[in-house]
Amino acid sequence: MSSKIKWKGEISDKFPIQQGVREGGVLSTHIFKVYINNVLNELMKSRVEMKIGNIYTGTPTCADDIALLSDYIEELQIMLNTVLRNAKQDRVTIHPTKTNAVIINKGKTVRKNLQWNLGTTCITPTNQTKHLDQVEIGKPHQIWQSIGSSVTEVKRSINHYRIATGTYLLQTNIAKFSNNKETATCPLCGLEEEDMIHMLTSCMLLHDVRKTYLLRLKNIIIGYIGLRQ
Ligand SMILES: [Zn+2]
């Protein structure tokens, strides 16, 4: 495989790509998962207690970003060593300045001057990480703070959260992902395609749920416009 770079309307000569997967390729995510799985399996075997139910949760991963979670300073160093050894084996480099340590649930007993090593790079605790800057660790999103504790409310809020984060699966998405084997029509009213605009503004069956909030929103916006004039 080879690649060219387009920059300010100019296209470079092509150069060979000897490693990696094609960006946007259908198989790329699956091939990448096969590639990354060794290190995840090894980390999972080394620490079995960190679980929710029967699912190992010690190394949440998104594409080539990985978070290593541990209750113990020394264990985190072992995990870092494991990742580094696998990276060397696979001939990839870990970005030194994108690697951060974040202390969650800071107790009074946390030792000062903590540090870990990633090869020759020294890692010290920071409050912010580049990749987690959307998330304030230890502070739930306000959606979770605005709900009650009943099972129904929690279940309903999962959908609210998915809508807010753009991960709610609308009928139009389902149709698209199934190559139109599934219908895009709104399962509630059956009148229009169910996209985000339909669900939030025009689905008749959601009118009653919507009207109280719309009125409040309208008042807020009118008040805001009034303030600016
Ligand atoms: Zn509808």
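A residue is buried if 20 or more other C-beta atoms lie within 10 Å of its own, exposed if 12 or fewer, and partly exposed in between, with C-beta atoms placed from the backbone. The model is predicted: local features need pLDDT of at least 70, side-chain atom pairs count only at pLDDT 80 or more, and totals for chains, interfaces and linings use all residues. Residues are numbered from 1 along each chain as its sequence is written.

**View 1. Thr120 in its loop.** Thr120 sits in the loop between strand E9 and strand E10 (121-123). Helices (H or I, at least four residues) and strands (E, at least two) are DSSP runs, numbered from the N terminus. Thr120 is exposed, because 6 other C-beta atoms lie within 10 Å. Between Thr120 and Ile143, 23 residues apart in sequence, the C-alpha distance is 42 Å.

**View 2. The whole chain and its two domains.** The domain assignment, automatic or from a database, gives domain 1 (2-123) and domain 2 (170-227). Their C-alpha centres lie 39 Å apart. The protein holds seven helices and 10 strands. Its C-alpha trace spans about 60 × 55 × 50 Å along the principal axes. The radius of gyration is 24 Å, whereas a compact globule of 229 residues would have one near 17 Å. That radius is taken over C-alpha atoms, and the globule rule is 2.2 Å times the number of residues to the power 0.38. Buried residues make up 4% of the 229 residues.

View 3. H1 covers residues 28-46, 19 residues in total. It reaches 28 Å from first C-alpha to last, close to the expected 27 Å. The expected span is 1.5 Å times one less than the number of residues. H1 bends by about 40° at Ile36. The bend is the angle between axes fitted to the seven residues ending at a residue and the seven starting there. Asp64 is found in the loop between strand E7 (61-62) and E8. It is exposed, because 11 other C-beta atoms lie within 10 Å.

**View 4. The two sides of helix H2.** H2 (residues 73-89) has end C-alpha atoms 25 Å apart, which agrees with the 24 Å that its 17 residues should span. Met79, Leu80 and Val83 are its buried residues. Cover for the buried residues includes H1, strand E8 (65-66) and strand E9 (116-118). Just after H2, Arg91 takes a positive phi of about 55°.

View 5. Most residues other than glycine have a negative phi. Asn179 has a positive phi near 55°, and Asn180 has one of about 65°. Asn179 lies in the loop between helix H5 (171-177) and helix H6 (196-202), and Asn180 is also placed in the loop between H5 and H6. Asn179 is exposed, with 7 other C-beta atoms within 10 Å. Asn180 is exposed too, with 10.

**View 6. Helix H7.** H7 (residues 207-228) has 22 residues. It reaches 30 Å between its end C-alpha atoms, close to the 32 Å expected. H7 is hardly covered: its count of buried residues is zero.

Technical notes:
Two residues are in contact if their C-beta atoms, placed from the backbone, lie within 7 Å.
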